[in-house]
Amino acid sequence: MQKLELKNLYDDFRDGKTILALSKLINKEAKKLNRDINIMEVCGGHTHTIMKYGLPQLLPKNINFIHGPGCPVCIMPKERIDHAYILSLQKDVILVTLGDMIKVPGSRGSLQDARRKGADIRFVYSPLETLKIAKENPNKMVIFFAIGFETTTPMSAVLVDRVIKEKINNIYFHINHVTVPEVMRELIDSRDEHIDSYNNQIDAFLGPSHVSVIAGSKIYEEFPTKYKRPVVVAGFEPVDVMEGVLMLIKQFVENRCELEIQYKRVVTREGNLNAQKLINTYFTKRELFRWRGLGNIPNSAWRLKDEYKSIDAEEIFKDILPIEQIEDHKLCICGDILRGIAKPNECTIFGTACKPNSPVGSCMVSSEGACAAYYRYGNLLK
Amino acid sequence: MRKEVTLAMGNGGEESSELIEKLFFKYFKNEILSRGEDGAILDIKKEIATSSDSFTVSPIFFNGGDIGKLSICGSCNDVAMMGAKPKYLTCSFIIEEGLSLRDLEKIVRSMKKELEINGAIVVSGDTKVVPKGAVDKIFINTTAIGEVIKKGISISNLKEGLDIIVSRDIGAHGATIFAAREGIELESNLKSDCASLYPQVEALIKNDIDIRVLRDATRGGVAAVLNEWARGSNLSIKVFEEKVPVSSEVRGICELLGFEPLTLANEGTFVLALPKTQSKKALEVLKEFNENASIIGEVDSLYPKRVYLESSWGTKRFLDMPTGELLPRIC
């Protein structure tokens, strides 16, 4: 038997001939439509693929991508970034979080700035590394600042599970996990005084697929039925995205409106039931969570259940964590970008005052952010 | 001798002499160094090239090399990139007390081996020992002096129509150091490309290859070199993405951690610009050293001061200068 190598997992999905063949098919099908189709790729991972591989250059004029709010760092409001900053500067605290958080500016500074002031901040690839840090520092309070969508939530839940079951007494949590369907609904439902509706902007969704590995494709079932928006759950390689786009266009050509899965090699309807169970054991939905640029969205984020208050840093440090909303810099249009009503290069400070090494808005910070993707790859767009 | 480096070994007295005699002279001994003068007097008739560099890499031993090998390759390669043959080096050690003498000897031994590959000698040196915590294990500074054997290699020669060649698969050093760092628990077959480049440069020159521009792609990787060339020449450089050689180990770590191989550091990989008529022959010479040498692009004027990648499916994107902290103390 041939040995399976890491590259087997992606090489064929980046094959130039396949990408070109799909481009041909998309162009042929799109000719049959006498309208524009705006496809929102909700996930930042898709935005990254689209920009890195220059996929818009292969699409006909009537097919457009709208970049969605699926970058966990980008949607964090400034006041919550401030929470991380404040917590990290508490005496005898070690703040543990994921690497993308390092440069995000809150109203007081970034974690990078806090580190310069002497804060002990550790960046990990896996939340479980927190266990080792806590063990090595028994006299410190180790706070795991959790971020991310459905994809990263189970790992945080596993960490909570270990802390509870192993009675580890120096790990605490600040939970900022958010969920995808609620924000997709918000993007279709919401009205804004500046433009009459977002309703006209999004014709179809390219569904976040690693989210669906965990939560299943079932979470998108309401969009074709209730909102008349077709959804294709697609993988993250260029061949996946191109095939996903082709599947969506075919739905329009054939007058269908359905939920389809392109990323069949890992996505099922039900998702990872064990992960879902673990999440539901420890977490419960917040009534409201403020998304940067999008405002309060009901039921769109998790928090620890009340019975785990004793490990909830948000509860423990309630008195010093501000809850007032902090608005973005007035020239920053991250909000409009996250809503899909503006493109990064339409921002007046894009690439000038706002760059990856000195970001003004959150979309420039994470590599998954639309602005960062445009800055890195996007200048040669059609 | 004790088994560890002590503060006394940097006192300039008895213990210092013992360290120098028993360790440094043992490996570096040559006629100029043995004179024991305050400085070395060098008799050089030709045009000379010189370059200085400090080495702080962590960990000090890594797959494919160590800080000693790196400290010789680094400075010698910079001189070789100017078309010069490395001949003399000065080298200074700053050592943290407590470093094991076995490790120090291992480092000095790899320095000697690398000096031999370059045909160079150490003519002056210095050793300081500092208290625990003042440096991390050992820092080394070297300065290389070389005789120019091919004149006129310069970034100012970059012209439209030249081909761009890379000497081997890229990113191995950066990926190796990253995987070796704490916190990234990865097992892999990664091996740094750390190597002296003079033999390859010499082979190119002996074969009459018309080298126009030459640069080793260290920190910032191939992306940084090409961007510097594009900015300095007001021209653009087109890179054929599929022609860029990347080993599957390096590709794998990039996939896992979200890096771009073109921005990863190298310590034994160079980029070369030369007329198209010379490319085939140059490639033949370079493939004798590493079969992955490849023509990766060409100089044009489509997007002045920029580097751009062209995919096999015809899309283009810019390749920027790397920014932000990827990893400190890579070399």
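Biologist: How do α2(A) and α14(A) lie relative to each other: roughly parallel or roughly perpendicular?
Modeller: This is a predicted model, and in it the axes of α2 (residues 44-52) and α14 (residues 370-377) of chain A come within 9 Å and cross at roughly 15°. Angles under 35 degrees count as roughly parallel. The two helices α2(A) and α14(A) are therefore roughly parallel.

Biologist: Which hand does the crossing of α2(A) and α14(A) have, left or right?
Modeller: The residues that meet there are T47(A), H48(A), M51(A) and K52(A) from α2(A), with A370(A), A373(A), Y374(A) and Y377(A) from α14(A). By class, this contact has 2 polar, 1 charged and 5 nonpolar residues. As for its hand, the crossing of α2(A) and α14(A) is right-handed.

Biologist: How many residues of α14(A) are buried?
Modeller: A residue counts as buried if 20 or more other C-beta atoms lie within 10 Å of its own. In α14(A), that holds for A370(A), C371(A), A372(A), A373(A), Y374(A), Y375(A) and Y377(A). The helix α14(A) is thus mostly covered, and its buried count out of 8 residues is 7.

Biologist: Which element of chain B do the buried residues of α14(A) pack against?
Modeller: Within chain A, these buried residues pack against α2, β2 (63-70) and α13 (334-339). Their partner from the other chain is β13 of chain B.

Biologist: Which element gives the largest share of the side of chain B that touches chain A?
Modeller: The contact takes 21 residues from chain A and 17 residues from chain B. On the chain B side, α8 (248-257) and β13 (316-318) each supply at least two residues. The largest share, 4 residues, comes from α8(B).

Biologist: How many residues on the side of chain B that touches chain A are polar?
Modeller: Sorted by class, that side of chain B has 3 nonpolar and 5 charged residues. The polar count there is 9.

Biologist: Which strands are at the edges of the 7-strand sheet in chain B?
Modeller: The order in this open sheet is β8-β10-β7-β11-β9-β12-β13 of chain B, with mixed pairing. An edge strand here pairs on one side only. The edge strands are β8 (213-216) and β13 of chain B.

Biologist: At about what angle to β7(B) does α9 of chain B run?
Modeller: Helix α9 (residues 276-287) of chain B lies across β7, β10 and β11 of chain B. Its angle to β7(B) is about 10°.

Biologist: How do α1(B) and α4(B) lie relative to each other: roughly parallel or roughly antiparallel?
Modeller: Helices α1 (residues 14-28) and α4 (residues 101-118) of chain B have axes 9 Å apart and pack at an angle of about 15°. Among the residues that meet are L23(B) and F24(B) in α1(B) and L104(B) and V108(B) in α4(B), and by class the contact has 7 nonpolar, no polar and 3 charged residues. Their crossing is right-handed. The angle is under the 35 degrees cut-off, and α1(B) and α4(B) are therefore roughly parallel.

Biologist: Over how many bridges do β5 and β6 of chain A pair?
Modeller: These strands belong to an open sheet of 4 strands in the order β4-β3-β5-β6 of chain A, with parallel pairing. A146(A) stands opposite I175(A) in β6(A). Between β5 (residues 141-148) and β6 of chain A, the number of bridges is 7.

Technical notes. Residues are numbered from 1 along each chain as its sequence is written. Chains are lettered from A and ligands numbered from 1 in the order in which they are written. This is a predicted model: local features need pLDDT of at least 70, side-chain atom pairs count only at pLDDT 80 or more; totals for chains, interfaces and linings use all residues. Two residues are in contact if their C-beta atoms, placed from the backbone, lie within 7 Å. Ala, Val, Leu, Ile, Met, Phe, Trp, Tyr, Cys and Pro count as nonpolar, Asp, Glu, Lys and Arg as charged, and the others, Gly among them, as polar. Axes are lines fitted to C-alpha atoms, for helices over the stretch in contact, and angles run from 0 to 180 degrees between N-to-C directions. Angles under 35 degrees count as roughly parallel, over 145 as roughly antiparallel, 65 to 115 as roughly perpendicular and the rest as oblique. A crossing is left-handed if the near helix is turned anticlockwise from the far one by less than a right angle, and right-handed if clockwise. Two strands pair if DSSP finds at least two bridges between them. A residue is buried if 20 or more other C-beta atoms lie within 10 Å of its own, exposed if 12 or fewer, and partly exposed in between; C-beta atoms are placed from the backbone.
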